[in-house]
Amino acid sequence: MSPRLAFTLPVLLAIPAAAYALRHVRIIQLESLRERIIWTFHSWRANYPVPLDIDQWQLNTAKEYQNELWKQVPDLKRPWEFLESFFAARGYTLYRPSPSNVWAFYPPPKTDATKPHWEPQFPYARRIYNEDRDIVFSYSSPRVWAARDIQGRDVVIRMISGRESSDELKIFQRLNTPEVRADPRNHSIYALDYINFDGLIFVVMPRWNEAFHHCDFHNVREIMHFMECLLEGVDFLHEHRIAHCDLLEPNTGVNVLAPMHILYLKGICDPAVAKYAIYDFGQSVIYPYNTVLEDVTVTKFLHFDLRGCPTPPGPHNPFHFDVLCLGVMLQNRVRHIEDIVPDIGPFFDSMITDDTTKRFTARQALHEFREIYLRLSPSQLDSLVTGRLWLDGHVKTKLDLPTRVWTPPPECT
């Protein structure tokens, strides 16, 4: 073989090999050229573990697979584990999965980057725990992961959109413009940050615990404040032409971070410090501002069954559905004060009636509630709450479902 051929043959052979490789390389879309190169190489070498199809970020919950769900978890965790250093470069250290429980995540070991430096301020949650092991984050969706920022504040990162903008992304953008976010009626969870990886959009939110899980209302004033926030929050969503479509207890939060195994914490619902939020817009829909609410219908499946209601035939108005959902949810947790606030019973009847022509709109419900609130005397507002739940006319008391007394923990170290 001639020296020239010996030199050129490897080059000639490398050209088709390189062309083949390039055809099978997907360039990861990032603003930084350096990161684009690095993450394209990492992704190619790992066989692209971050799916761009949002449907692949879901648990398969088909009935026949219910007993096999846990087997899906390692594969569904893989994108997050792959992106761990990507989020860390943006100041977010992901919680670590428990080695013994695939459903449990814990805050990362404390370092200078994750150690809480001071008590977080709103919109971050109040800390009501002593040890990090107390605030386990339960894995319930492949699209959500908990993290801690560089100031030691706990957040949640949620994947909300692919390369084509989703309604969820549009909703966060609408609710978090400076003007809309500054409105005190806006009780949606804050969007602290947006992170883009290859066209996928992640939103960073403060980590708040579920309101219904922890709240132990001391007096009627506290329970009325709670109810007003949620009614006002849903009315605000409707004013901005957003139908939530999934108003369930797990999708409401209170600004505390507490041990999840403790129900009904005393001392956290004082209206002076308690804030409430609505979140999880994964099933929500958004419309132009000039939309007439009464004219809207959807054919998407709405979970009437989860509210104990039969599914009516034909298309449904999602704004009517929101009021029904909110009424059912609040009635179960609030109507037990009917002996103190008699008007609250007929109020709920008008929120959950099957006759949509007679059912309150969100605006009407808020207005009627405030009329009831204004009529309450100081003694009614200061009356102690002894009930816990209202279930089909039967009241479960606090003696039936006892509380845990909370005392402020020592400063986190």
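Student: What does Gln331 touch, leaving aside residues up to four places away in sequence?

Tutor: In this predicted model, Gln331 touches Phe348, Ile352 and Trp390 once those sequence neighbours are set aside. Contact here requires heavy atoms within 4.5 Å, and Gln331 itself lies in helix H9, residues 318–334.

Student: Why is Gln331 called buried?

Tutor: The term applies under 20% relative accessible area, and Gln331 has a relative accessibility of 7%, so Gln331 counts as buried.

Student: How do you know how many disulfides there are?

Tutor: A disulfide needs a pair of cysteine sulfur atoms within 2.5 Å, and by this rule the count comes to 0. Cys269 illustrates the test: the closest cysteine sulfur to its own is that of Cys215, at 3.6 Å, which is too far for a bond because the cut-off is 2.5 Å.

Student: Why are Cys269 and Cys325 classed as buried?

Tutor: Cys269 has 1% relative accessibility, which is under the 20% limit, and therefore counts as buried. Cys325 also has 1% relative accessibility, so the conclusion for Cys325 is that it counts as buried.

Student: Why is Tyr48 called buried, and what is its phi?

Tutor: Tyr48 has a relative accessible area of 19%, which is under the 20% limit, and so Tyr48 is buried. Phi of Tyr48 is near 50 degrees, a positive value in a residue other than glycine, and Tyr48 is found in the loop between helix H2 (33–45) and helix H3 (69–82).

Student: What is the peptide bond from Phe122 to Pro123, cis or trans?

Tutor: That bond is cis, with omega near 15 degrees, and Pro123 lies in the loop between strand E3 (104–106) and strand E4 (126–127).

Student: Which residues touch the most other members of the largest nonpolar core?

Tutor: Of its 118 residues, the ones that touch the most other members are Phe197, Phe202, Val220, Leu231, Tyr276, Leu330 and Phe347. Helix H8 (residues 220–239) gives the largest share of this core, 11 residues, and the core draws at least three residues from each of domain 1 (54–206) and domain 2 (220–405). Beyond residues up to four places away in sequence, the contacts of Phe202 include Trp57, Trp80, Phe87, Arg158 and Phe197.

Student: What is the volume of the largest pocket, and which residues are closest to its centre?

Tutor: The largest pocket has a volume of about 1,300 Å³. Of the 38 residues in its lining, Ser140, Ser141, Arg158, Asn251 and Asp280 are the closest to its centre. Among the elements that give two or more residues to this lining are strand E7 (154–161) and strand E9 (200–206).

Note on methods. Residues are numbered from 1 along each chain as its sequence is written. This is a predicted model: local features need pLDDT of at least 70, side-chain atom pairs count only at pLDDT 80 or more; totals for chains, interfaces and linings use all residues. Side-chain values use heavy atoms; hydrogens and water are left out. A nonpolar core is a set of buried Ala, Val, Leu, Ile, Met, Phe, Trp, Tyr and Cys residues joined through side-chain atoms within 4.5 Å. Buried means under 20% relative accessible area, exposed over 50%, partly exposed in between (1.4 Å probe, protein chains only). Helices (H or I, at least four residues) and strands (E, at least two) are DSSP runs, numbered from the N terminus. Domain bounds come from an automatic or database domain assignment. On a 1 Å grid over the protein atoms alone, a cavity is a set of points where a 1.4 Å probe fits but cannot get out, and a pocket is an open set with protein on both sides within 12 Å along at least five of seven lines; lining residues have an atom within 4 Å of a point. Grid points are joined across faces, edges and corners, and a volume is the space filled by probe spheres set on the points.
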